Each structure stands twice: as structure tokens, then as C-alpha cells.
Amino acid sequence: MIALLQRVSESSVEVDGERIAAIGAGLLVLACVERDDTGAQAERMAERLVGYRVFGDAEGRLNLSLGETGGGLLLVPQFTLAADTHKGMRPGLGRAAAPGQGRALFEQLVDAARRRHGNVQCGRFGAHLRVGLVNDGPVTFWLESHPA
């Protein structure tokens with residue numbers, strides 16, 4: 001499982017002109033399920049997203065986690081993060097999970113995050129999404145959770 005997390009001062013998701021999710025300060029996470037992923041990766045990723053220290057403490061060091069700050073978490077499905085871009089001019093998407101598996105594990109990620117953190121919103125799997133954000137920093141990290 002791959003997660004591209006961005007610290008934001010605000011973020012939102014629209015589908016067909018309707019805002020379906022929004023957060024204030026916190027993390028926007030573009031999440032990708034790969035074909036060999038299992039529920040264990042979803043659980044581990046949720047743990048990392050809530051606990052990863054990307055917020056500044058009193059001295060400005062990245063020592064505080066989302067769980068400590070109480071900020072929002074906006075999870076957005078993004079299968080193209082699994083793209084193979086090593087050759088040619090068209091990305092290969094063979095590493096991404098099939099839609100059914102991707103949806104199930106994305107939903108498990110959302111559920112796992114909600115068990116760990118109270119302020120969780122999400123985009124709609126399979127929909128054409130318009131994602132808005134104000135990146136704070138910018139602070140952006142690529143996280144991966146691999147099968148054991």
C-alpha cells in the first residue's frame with residue numbers, strides 16, 4: 001500500500017460539483033492499494049498515518065503526530081500512485097489492485113483510521129474527484145506498507 005501524505009491547512013473533495021468531504025488543518029492522503037496488499041497493510045498504514053510525526057512542536061521541529069494535534073485526515077483513493085514510469089511515455093498500471101480489491105482495502109484503511117482518530121473524511125472510490133488543498137510547508141511524504 002502506498003500513501004502520499006501532505007500536511008495541509010485545508011483540503012476538500014468534490015464529486016460532480018458537490019463537496020463530499022473537507023478538513024481544516026491536518027493531512028491529505030492519496031492512498032493506493034497494490035495488487036498483493038492485504039488487510040494487514042491497511043491496518044499498518046492507518047497506524048502510521050495517525051502516528052507519523054509531521055507537525056511542528058513549540059521549537060518548530062517535526063515532533064507531533066496527527067493523533068497529538070487532533071487535525072483532520074482526508075483519505076483519497078489514488079490508484080495511479082502504483083504506476084510504473086520507468087520506461088516509455090505511458091504509465092503502466094499493472095501493480096495497482098483490481099477495483100474490487102482496491103475498494104475493499106481502501107474502505108478497510110478508512111475504517112482503521114476512524115478507529116484510531118476521530119476526524120476522518122474520505123473521497124469516493126471509483127469517482128472522478130476534484131481535490132483541493134492548501135499545502136502547509138510544503139510538507140509531503142511517501143509512505144509504503146509492504147506485505148510481511
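Residues are numbered from 1 along each chain as its sequence is written, and side-chain values use heavy atoms, with hydrogens and water left out. Because the model is predicted, local features need pLDDT of at least 70 and side-chain atom pairs count only at pLDDT 80 or more, while totals for chains, interfaces and linings use all residues.

## Two packed helices

Helices (H or I, at least four residues) and strands (E, at least two) are DSSP runs, numbered from the N terminus. Helix H1 covers residues 39–51 and helix H3 covers residues 99–116; the two pack with axes 8 Å apart, at an angle of about 40 degrees. Axes here are lines fitted to C-alpha atoms, for helices over the stretch in contact, and angles run from 0 to 180 degrees between N-to-C directions. The angle makes H1 oblique to H3. Under the cut-offs used, angles under 35 degrees are roughly parallel, over 145 roughly antiparallel, 65 to 115 roughly perpendicular, and the rest oblique.

The crossing of H1 and H3 is right-handed: a crossing has this hand if the near helix is turned clockwise from the far one by less than a right angle, and is left-handed if anticlockwise. On the H1 side, the contact (heavy atoms within 4.5 Å) is made by Gly39, Ala42, Glu43, Met45, Ala46, Glu47, Leu49 and Val50. On the H3 side, Leu105, Gln108, Leu109, Ala112, Ala113, Arg115 and Arg116 take part. By class, the contact of H1 with H3 has 9 nonpolar, 2 polar and 4 charged residues. Ala, Val, Leu, Ile, Met, Phe, Trp, Tyr, Cys and Pro count as nonpolar, Asp, Glu, Lys and Arg as charged, and the others, Gly among them, as polar.

Alanine 46 belongs to helix H1 and counts as buried, at 0% relative accessibility. Buried means under 20% relative accessible area, exposed over 50%, and partly exposed in between (1.4 Å probe, protein chains only). Apart from neighbours within four places in sequence, alanine 46 is in contact with Leu109, Ala112, Ala113 and Arg116.

## Nonpolar cores

A nonpolar core is a set of buried Ala, Val, Leu, Ile, Met, Phe, Trp, Tyr and Cys residues joined through side-chain atoms within 4.5 Å. In soluble globular proteins, nonpolar side chains tend to be buried together. The largest nonpolar core in this model has 26 residues, and those with the most contacts inside it are Leu27, Val29, Leu49, Leu73, Leu75 and Leu109. At least two residues of this core come from each of strand S1 (2–15), strand S3 (26–32), H1, strand S4 (53–56), strand S6 (72–77), H3 and strand S8 (130–144). H3 supplies the largest share, 6 residues.

Leucine 49 touches Ala3, Leu5, Leu27, Val29, Leu66, Leu75, Leu109 and Leu143, with residues up to four places away in sequence not counted. A second, separate core has 15 residues, including Leu30, Cys32, Ala96 and Leu129.

Arginine 7 lies in strand S1 and is buried, with a relative accessible area of 11%. Leaving aside neighbours within four places in sequence, its contacts include Gly26, Leu27, Val54, Phe55, Asn135 and Asp136.

Valine 13 also lies in strand S1 and is buried at 0% relative accessibility. With neighbours within four places in sequence left aside, valine 13 has contacts including Ile20, Leu74, Val76, Leu129 and Val131.

Aspartate 16 is found in the loop between S1 and strand S2 (18–23). Its phi is positive, about 50 degrees, although aspartate 16 is not a glycine. At 78% relative accessibility, aspartate 16 counts as exposed.

## Other sites

Glycine 102 is placed in helix H3 and is buried, with a relative accessible area of 3%. Not counting residues up to four places away in sequence, glycine 102 touches Val33, Ala97 and Phe125.

A cis peptide bond, with omega about -5 degrees, joins glycine 137 and proline 138. Proline 138 is in strand S8.

Lysine 87 is in the loop between S6 and H3 and is exposed, with a relative accessible area of 68%.

The table gives separations of residue pairs.

| Pair | Apart in sequence | C-alpha to C-alpha |
|---|---|---|
| Alanine 46 and arginine 114 | 68 residues | 8.7 Å |
| Glycine 102 and glutamine 78 | 24 residues | 9.8 Å |
| Valine 13 and glutamate 68 | 55 residues | 24 Å |
| Lysine 87 and serine 65 | 22 residues | 37 Å |
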